[in-house]
Every structure is written in C-alpha cells, then in structure tokens.
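Subject: The structure, and what I found in it

Hello,

Here is the structure I promised to pass on.

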Amino acid sequence: MPAPIPSHAERTMWFALRSGRAGAVFRREHPIGPYRADFACLSLGLVIEMDGGQHMATSAYDAKRDLYLESEGWKVLRILNINWFQNPSGTLLAIDETLEASRLERMTLFPDAYAKTPMNRLRKLAELPLHRLRRSFPINGEAATGSS
C-alpha cells in the first residue's frame, strides 16, 4: 500500500523533525501493526500525529488507534494542525519536552539498551556535564565544568 500524500502541516512538521530534533531520529509514515504513524521515533517509542479538522469526526477511530499504539509500548503525541500553524515555536517546545520525558522514561525502563545508542555510550563513558544552553557536550575547548 503506497504512503498517503502528506498534508501541508505534515510536510512542514517533517522539515522541523528531520534535522534530528533534540537528538531524536524520526521516520515518516512508519507502519506500526495495522496503522501508519505520521512520525515515529523508534529509539524513544514516540509517535507524533498531526490532526486536521477531519479528526474531530473520527475521534473514536483515533482513540482505538491510540489504545493499540500504547498497548504496543508507544507514546502518542497528537498535535492539531491549527496549533502548529499558529504557534510553531510553542509546538516544537512541547515536542522537545515530550522527547526529553520519553528519553528519561526509556533510561529508567531500559538502562542497558538505552546506553547502547552511540551518543548515550559517549555520555556514559565521558560523564561530562552537558552544556547549559545547548544541552550537548562542550565543544571547541569550552570548559566542561557546567558552571553557570
């Protein structure tokens, strides 16, 4: 079955997500069981669904779908298209917070598996504090003290 044609909201969201938002890698139109997720981050078990006006009439279908995805271990974040277009920076902030919460949850549930990803292996080995603004490793000889 061919992937459906993405909406304008999905196309613009994909441009924001495909750059590796907060270190997460997303797949677009990823099949999960009998459903297709708009965007899925496999390493964090997160699905992002873009909902247009048609989803108001199909809320029972969406609830059944969310229940299935959650029973398979996925966390579902639904974003209304109107929210995305009216407040993209706020929507991206909400996505970043959800990514961080999913990352922390995965670390506690699967500590060994989580440490196997390349960036987490580096963090575990180096045990350097993250840069306070970029939330990443210090670069170009910056001090690794993490002080404010």
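Below is what I found, going from the whole protein to its parts.

First, some ground rules. This is a predicted model, in which local features need pLDDT of at least 70 and side-chain atom pairs count only at pLDDT 80 or more, while totals for chains, interfaces and linings use all residues. Residues are numbered from 1 along each chain as its sequence is written, and side-chain values use heavy atoms, with hydrogens and water left out.

**The overall picture**

The protein has six helices and four strands. These are DSSP runs numbered from the N terminus, with helices being H or I of at least four residues and strands being E of at least two. Along the sequence, the pattern reads α-β-β-β-α-β-α-α-α-α. Of the 148 residues, 34% are buried; buried means under 20% relative accessible area, exposed means over 50%, and partly exposed is in between (1.4 Å probe, protein chains only). The protein exposes about 9,500 Å², with 59% of that supplied by carbon and sulfur atoms. Those areas come from the Shrake-Rupley method with a 1.4 Å probe, and for residues only the protein chains shown count as cover. Among contacts (heavy atoms within 4.5 Å) between residues at least 6 apart in sequence, 51% join residues at least 24 apart.

**The strands**

β1 (27–32) and β2 pair in the antiparallel sense over five bridges; two strands pair if DSSP finds at least two bridges between them. Pro-31 stands opposite Arg-36 of β2. The hairpin of β1 and β2 has two residues between the strands, and Gly-33 there takes a positive phi near 60 degrees.

For background, most residues other than glycine have a negative phi. Glu-29 is also buried, with a relative accessible area of 12%.

β2 is mostly covered, with six of its seven residues buried. β2 and β3 run antiparallel and are joined by three bridges, and Phe-39 has Ile-48 in β3 as its bridge partner. Four residues lie between β2 and β3 in their hairpin, where Gly-45 in the turn has a positive phi of about 65 degrees.

Where does Cys-41 sit? Cys-41 is found in strand β2, and it is buried, with a relative accessible area of 0%. Leaving aside neighbours within four places in sequence, Cys-41 is in contact with Ala-24, Val-25, Phe-26, Leu-46 and Trp-74. The C-alpha atoms of Cys-41 and Ala-24 are 6.6 Å apart, although 17 residues separate them along the chain.

**Two helices**

Helix α2 (residues 59–71) has 13 residues and reaches 18 Å from its first C-alpha to its last, close to the 18 Å expected at 1.5 Å a residue. That expected span is 1.5 Å times one less than the number of residues. Asp-62, Arg-65, Asp-66 and Leu-69 are the buried residues of α2. Seen down the axis, they fall within an arc of 100 degrees, so they line one face of α2; the arc is that of the directions from the helix axis to the C-beta atoms. These buried residues pack against β1, β2, β3 and β4. On the other side of α2, Ala-60, Lys-64, Leu-67 and Ser-71 are exposed. Just after α2, Gly-73 takes a positive phi of about 95 degrees.

Helix α4 (residues 88–109) has 22 residues and spans 31 Å, close to the 32 Å expected. Its buried residues include Leu-92, Ile-95, Leu-99 and Arg-103.

**The cores**

A nonpolar core here is a set of buried Ala, Val, Leu, Ile, Met, Phe, Trp, Tyr and Cys residues joined through side-chain atoms within 4.5 Å. In the largest, of 19 residues, Met-13, Phe-26, Phe-39, Ile-48, Ile-79, Trp-84 and Ile-95 touch the most other members. α1 (8–17), β2, β3, β4 and α4 each supply at least two residues of this core, and the largest share, five residues, comes from α1. Apart from it lies another core of seven residues, among them Ile-32, Val-47, Trp-74 and Val-76.

Best wishes
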